[in-house]
Amino acid sequence: MARRLPNAASLARFCQKLNRLKPLEESTMETSLRRCLSTLDLTLLGVGGMVGSGLYVLTGTVAKTMAGPAVLLSFGVAAVASLLAALCYAEFGARVPRTGSAYLFTYVSMGELWAFLIGWNVLLEYLIGGAAVARAWSGYLDSIFSHRIRNFTETHVGVWQVPLLGHYPDFLAAGILLLASAFVSCGARVSSWLNHTFSAISLLVILFIIILGFILAQPHNWSAEEGGFAPFGFSGVMAGTASCFYAFVGFDVIAASSEEAQNPRRAVPMAIAIALGLAAGAYILVSTVLTLMVPWHSLEPDSALADAFYRRGYSWAGFIVAAGSICAMNTVLLSNLFSLPRIVYAMAVDGLFFQVFARVHPRTQVPVVGILVFGGFMALLALLLDLEALVQFLSIGTLLAYTFVAASIIVLRFQKASPPSSPGPASPGPLSKEHSSFSDHIELVGTEQASVPEPGQLRPALRRYLGFLSGCSPGAAVAWALGILVVSAITLGCMLVFGNSALHLPRWGYILLLLLSSAVFLLSLLILGAHQQQHRRDTFQIPMVPLTPALSILLNICLMLKLSYLTWVRFCIWLLIGLAVYFGYGIWHSKENQREPPGLTTTRYVVFPSGSLEETVQAVQPPSQAPAPAPSPTE
């Protein structure tokens, strides 16, 4: 007998499951992790995540092949672009002091399925990123010893000629990852102490490079005889910006660590701002002295700084540079191993990933199972795989996370604010003392409240001009405007990235489509700006919403469109694997299944001025406390 097709009601319930939101618990500070990280700890974690091998490799590569001495402008523009995404993370990290970073931010605003996919991609990003940095660390140390480690391995183990596998097993890279995992599993204080040590050495080496570099600077290297300041023009600066943008990836470790911060509402935004400023200053100043010491066209891309000091007669400085590079890569490794298990822990606590990863060690108060399992898996990747072909995979996961976090900021700003509650004992008034258990379900609409529009409603001053939007329910016009903004950003990004030649459009058609997509993008911004937002003074909020997150969305989409088609194919395969995990495990074990038992519905009670507060209190009492059953009032 044929199986019955699902009816419309069951399909609707299924779609609701995919889009259900995690309750926004802004005020609670209770956690099974240890809140022991100060602002300094978070700042150095962020600096360690951003200032890594890129400072010693990327500066020379971009200067020689893309921008010339104008590489400092590329880093400056990239820092401003990264600031757009960093501000979104700062607001969420301060408002929702929970581990999970982009995964959690998407869960509370966009829905469960999107949150799982973002967490799934961030997981792969940290795995490949950590393994790639371990390989780079191993190669850098091997070069100091004249490649004796590699030669020994190839002689006694052999050389592999297998696709996707490395030329030889990198035991040194796997060993450093296992050792770092062991230290991270000892607790957040141990990880922080190690990160402090390596970050301090790295920053001292950077300071040494800048001071000695300015002493050895020759302004003639920027003259027209050497090609000028910007030999590749404006297009070279922009091409360099796209590469330099990825140097600032890593500040999200601060938001991921907010559940272990002592005062996250103050520390998270401040740490993100200081860390991004220090990283930007380091990249700009080091690239400046590098191109002033030697002509940009004669740089050695793989070891530009050490080679520049060697050619100026300071070969001993190369050893200091090598020590700084290794310390910088150690901080990136610690940052990856610190963040990855906490993302997995957040997903496991919510029931979307296997429960074994939600276990916290009772003494160290860290997710030790996640640290050891994923640290071992990361070591296995570094040992066996050729990661050069997979490094671009990092970019798409990061940019997608940035895009969703920026969109989540817009969604959250136009949502109705949850009633404030105190994480600890407070001194409420008599009424709130008596009815605190159900006060969240009461909405008083008095004369004073009626004059102030809720977030998501049209601003009163614009209702006479935009009356066609007044009939929309709160948030409906915002949701449509946000969807249109994202679609127009994708269209506009295609126009800007691929150009007329790649799209094979007539010139008039290309210009028309470019103008149309730009106009729709701006119109969406205007519609969003016409609606009331949340304004809070108790936590950090980024300025110029929705403009700031909208620009971040457009920038991230443009950078994603510049990636190769092979990266997109691999990304789609990884997404399909993630969907199999979600529909096979996550959707059935989600904690949101337990939060709303079957048959339980939530009713909101609106009391108008004619009603008394005592009647409202009786109406929202649980059945066990209510004096007698009564028909439920409706809005």
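Me: Why is Tyr283 called buried?
Reply: Tyr283 has a relative accessible area of 0%. Buried means under 20%, exposed means over 50%, and partly exposed covers the values in between (1.4 Å probe, protein chains only). A value of 0% lies under 20%, so Tyr283 is buried. Phe248 is buried too, with its own 0%.

Me: What should I keep in mind about the model?
Reply: It is a predicted model, in which local features need pLDDT of at least 70 and side-chain atom pairs count only at pLDDT 80 or more, while totals for chains, interfaces and linings use all residues. Residues are numbered from 1 along each chain as its sequence is written, and side-chain values use heavy atoms, with hydrogens and water left out.

Me: How do you know that Phe248 and Tyr283 make an edge-to-face pair?
Reply: Rings of Phe, Tyr and Trp (its six-membered ring) pair if their centres lie within 6.5 Å; planes under 30 degrees apart count as stacked, over 60 as edge-to-face and the rest as tilted. This rule gives 27 aromatic pairs. For Phe248 and Tyr283 the centres are 5.4 Å apart and the planes are at 65 degrees, so the pair is edge-to-face. Phe248 sits in the loop between helix H10 (233-244) and helix H11 (252-256), Tyr283 sits in helix H12 (residues 264-293), and the two are 35 residues apart, so the pair links distant parts of the chain. Trp568 and Phe571 form another edge-to-face pair, at 5.9 Å centre to centre and 90 degrees between the planes.

Me: What makes the helix labels, and where do Trp568 and Phe571 lie?
Reply: Helices (H or I, at least four residues) and strands (E, at least two) are DSSP runs, numbered from the N terminus. Trp568 and Phe571 both belong to helix H22, three residues apart, about one turn of the helix.

Me: What makes a set of residues a nonpolar core, and how many residues does the largest one have?
Reply: A nonpolar core is a set of buried Ala, Val, Leu, Ile, Met, Phe, Trp, Tyr and Cys residues joined through side-chain atoms within 4.5 Å. The largest has 167 residues, and those with the most contacts inside it are Tyr56, Tyr89, Phe248 and Phe353. Helix H6 (residues 112-144) gives the largest share of this core, 18 residues.

Me: Why is Ser524 called buried, and what does it touch?
Reply: The relative accessible area of Ser524 is 3%, so the residue is buried. Ser524 belongs to helix H20 (residues 507-529). With contact meaning heavy atoms within 4.5 Å, Ser524 touches Ala481, Ile484 and Leu485, leaving aside residues up to four places away in sequence.

Me: What makes the phi of Ser101 worth a remark?
Reply: Most residues other than glycine have a negative phi, and most peptide bonds are trans. Ser101 has a phi near 50 degrees, a positive value in a residue other than glycine. Its place is the loop between helix H4 (71-95) and helix H5 (102-107), and at 3% it is buried. Ser101 touches Tyr89, Asp252, Ala255, Ala256 and Ile343, not counting residues up to four places away in sequence.

Me: Which label does Gln365 get for accessibility, and why?
Reply: Gln365 has 23% relative accessibility, so it counts as partly exposed. Gln365 has a positive phi of about 55 degrees although it is not a glycine, and it is found in the loop between helix H14 (317-349) and helix H15 (368-384).

Me: Which peptide bond is cis, and what is its omega?
Reply: The bond from Val545 to Pro546 is cis, with omega near 15 degrees. Pro546 is in the loop between H20 and helix H21 (547-561).

Me: Why is Ile573 called partly exposed?
Reply: Its relative accessible area is 47%, so Ile573 is partly exposed. Ile573 lies in helix H22 (residues 565-589).
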